[in-house]
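Have a look at the structure first, then try each task before reading its solution.

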Amino acid sequence: MVNRLPDPGRNERSKKQVDKGGDQARRRSPGKDNVAKGTDQKKRQQHPNPSARVAVGSKGAAPVRIVFLGGLGEIGRNCACIEVDGRILILDVGIMFPDPDMPGVDLVLPDFTYLRENADRVDAVILTHGHEDHTGGLAFLLRDFPVDVYGSELTLGLARNRVDEAGLASQVTWIPVRDGERRRIGPCDVEFIPVTHSVPQAFATAFHTPQGVILHSGDFKIDLHPVDDRRTDLARMGALASDPGIRLLLCDSTNAEEPGFTPSETTVGATLRRVFLARPDRRFVVTCFASHIHRVQQVADAAIAGGRKVATLGRSMQKNVALARQLGILEIPDSALVDIERVDTLPPGQVCVISTGSQGEPMSALSRLAVGENRFFKLREDDVVVISAHPIPGNEWSVGRVIDSLHRRGVEVIHSGVEAVHVSGHARQGELAMLMSVTRPEFFIPVHGEYRHMANHVRLANSMGISGDRILLCEDGDAVRLEASGLHRDGSVPGGYLFVDGSSVGDIGHGVLRDRKVLAEDGVVMAVATIDLKRGEVVGTPQIVTRGWAYDDDTDRLLDEARVAVTKALEKALSAGSQDHESLNRVARKALGQLVGNRTKQRPMIVPVIVTV
Ligand SMILES: [Zn+2]
Ligand SMILES: [Zn+2]
């Protein structure tokens with residue numbers, strides 16, 4: 001691992017000049033391959049702000065290709081390639097947590113086929129911020145090839161955990177960048193613009209390409225009162241919009257269905273202080289995302305203001321708190337910290353535990369506490385648990401079970417449905433419209449969202465005067481090409497799910513998942529038959545073995561019938577000359593499957609096992 005400091009020599013501006021002030025109407029694409037057609041033909045012909053100067057690649061300038069490998073159609077596994085002059089910059093390499101219909105899957109990655117096949121063209125990975133849906137896949141990509149990785153100090157610190165754990169530290173060169181820094185990375189200048197989000201030190205990235213500026217919002221909100229006073233740098237984005245102009249905007253769609261503005265992170269601090277003050281003699285356990293350092297800061301501040309000491313619980317919380325304190329992003333004085341092993345020795349009114357487990361993960365600290373299995377302390381009737389997070393879609397059920405268990409212990413549970421103890425880190429419609437208005441892009445592609453989020457974002461853009469021929473609604477695997485004549489679709493690459501199960505990556509296909517679902521829902525019925533091939537007959541009676549399959553109504557008789565049906569079918573096949581395993585298997589499966597299906601209306605997995613002697 002080498003921590004390379006910013007090298008001024010690599011910061012020189014792009015030599016490729018952009019041709020400013022082209023005729024937009026003439027150069028705009030005809031819209032044949034675009035979506036979300038605008039209704040007002042007149043509107044199409046003009047830029048939303050005709051005074052905006054937009055840089056357009058000169059005729060001879062190289063086109064820019066963008067390939068979306070993940071995050072367009074789901075929340076998670078964000079990954080895109082920006083390609084200039086045949087060189088590739090990878091923007092984020094995230095993971096997705098599995099849906100409930102992916103039994104046994106630990107993680108979902110972007111399909112890395114395209115990157116693997118073009119590894120020699122990859123110059124760097126750029127990480128917009130430290131969330132797992134942007135950084136968690138890096139440790140898997142590094143198995144295939146080494147890379148330079150750029151990001152803020154905290155982002156790199158958070159991303160390193162998984163990489164170090166995977167023993168791949170030697171595959172990566174970490175290169176920290178600062179707010180507002182613009183530096184040459186591979187084929188173009190990349191500018192790192194501060195944005196507010198639910199993890200500190202998040203960036204929007206501006207790519208200064210031969211085709212003009214491509215601005216990627218990253219995950220963001222417009223928080224005017226952030227905990228660290230580091231605001232989304234709208235001024236810089238506005239300056240880029242004026243000179244040289246923003247050719248293409250790629251923008252976070254997570255909250256594009258939500259009207260209004262996301263409240264400031266600091267509103268949570270005020271709520272927490274009130275909640276703490278109202279319960280001065282009771283012990284608090286507060287859970288939030290371990291990477292949400294500003295939330296941790298506000299919990300700690302509220303606790304300390306109420307005369308409490310702070311303890312951290314859960315491995316990732318302890319690691320991240322240590323990292324953030326070391327980087328000077330989190331300020332908790334040593335005197336206010338207490339070891340988790342000592343919390344039971346302090347009066348309840350002097351304790352606040354900050355814990356992992358806000359998503360109801362079964363092995364997390366909060367889940368263990370809820371069932372009385374934490375080795376450091378046990379929850380008591382007078383304790384208060386604050387869940388300072390929303391469940392990620394898919395986790396609602398698990399979080400609900402944890403809340404139930406907490407109530408069973410007599411604990412008071414405060415979640416965002418009771419008090420405003422959580423706000424989102426993503427921009428709602430008001431902020432998205434504001435960003436659109438500040439950036440005045442020539443073209444727009446919604447990113448980071450499920451399809452409905454992106455579709456709503458397109459409507460929002462339409463309402464801001466960006467007509468349909470200037471918008472592309474893309475999905476995972478889609479490629480687009482930005483050139484002087486406009487933004488066009490440019491084919492596709494493999495963009496499907498890559499499943500991780502334990503140490504196996506990519507071995508699970510949709511067939512395996514389908515089998516798992518059948519096994520989970522209906523179980524398995526096996527027929528084990530021995531066949532004497534020389535004599536052409538079934539030896540003895542086939543055995544029927546079942547697992548996870550239930551049929552109460554006279555199961556024994558059905559199994560007897562199954563033995564007979566399988567025997568008959570095999571005998572018939574043998575007398576017709578069948579000798580090979582495959583066809584005998586097929587015959588047994590069909591006979592057993594038809595009988596079970598007709599009689600029970602169930603579809604368990606049918607597994608024939610033919611033994612020949
Ligand atoms: Zn994200
Ligand atoms: Zn994020």
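**Exercise 1.** Work out with which handedness α16 passes α17, and describe how the two axes are placed.

*Solution.* Keep in mind that this is a predicted model. Start with the handedness: the crossing of α16 with α17 is right-handed. Next, the geometry. Two packed helices are described by the angle between their axes and the distance between the axes. Here the axes of α16 and α17 come within 9 Å, and they cross at roughly 145°.

**Exercise 2.** List residues that α16 and α17 bring to their contact, and sort the contact by residue class.

*Solution.* Take one helix at a time. From α16 come, among them, L558, A562, V566 and E561; α17 answers with residues including L584, V587, L595 and R599. Now sort: the contact of α16 with α17 has 13 nonpolar residues, one polar and two charged.

**Exercise 3.** Find the order of the strands in the open sheet, and explain why β28 and β29 each have one side without a neighbour.

*Solution.* The three strands run in the order β28-β27-β29, with mixed pairing. β28 (537–547) and β29 (605–612) are at the edges with a single partner strand each, so one side of each has no neighbour in the sheet. From one strand to the next, the twist averages 15°.

**Exercise 4.** Say how β27 pairs with β28, then place the helices on the sheet.

*Solution.* β27 (residues 524–532) and β28 pair antiparallel over eight bridges; V524, for one, has R547 of β28 as its bridge partner. Helix α16 (residues 555–575) lies across β27 and β28, at about 135° to β28. Helix α17 (residues 581–600) touches β27 and β29, its direction making about 140° with that of β29.

Conventions. Residues numbered from 1 in each chain as written. Chains lettered and ligands numbered in written order. Predicted model: local features only at pLDDT ≥ 70, side-chain atom pairs only at ≥ 80, totals over all residues. Pairing = 2+ DSSP bridges. Helix = DSSP H or I, 4+ residues; strand = E, 2+ residues; numbered from the N terminus. Axes fitted to C-alpha atoms, helices over the stretch in contact; angles between N-to-C directions. Contact = placed C-beta atoms within 7 Å. Left-handed = near helix turned anticlockwise from the far one by under 90°. Nonpolar A, V, L, I, M, F, W, Y, C, P; charged D, E, K, R; others polar.
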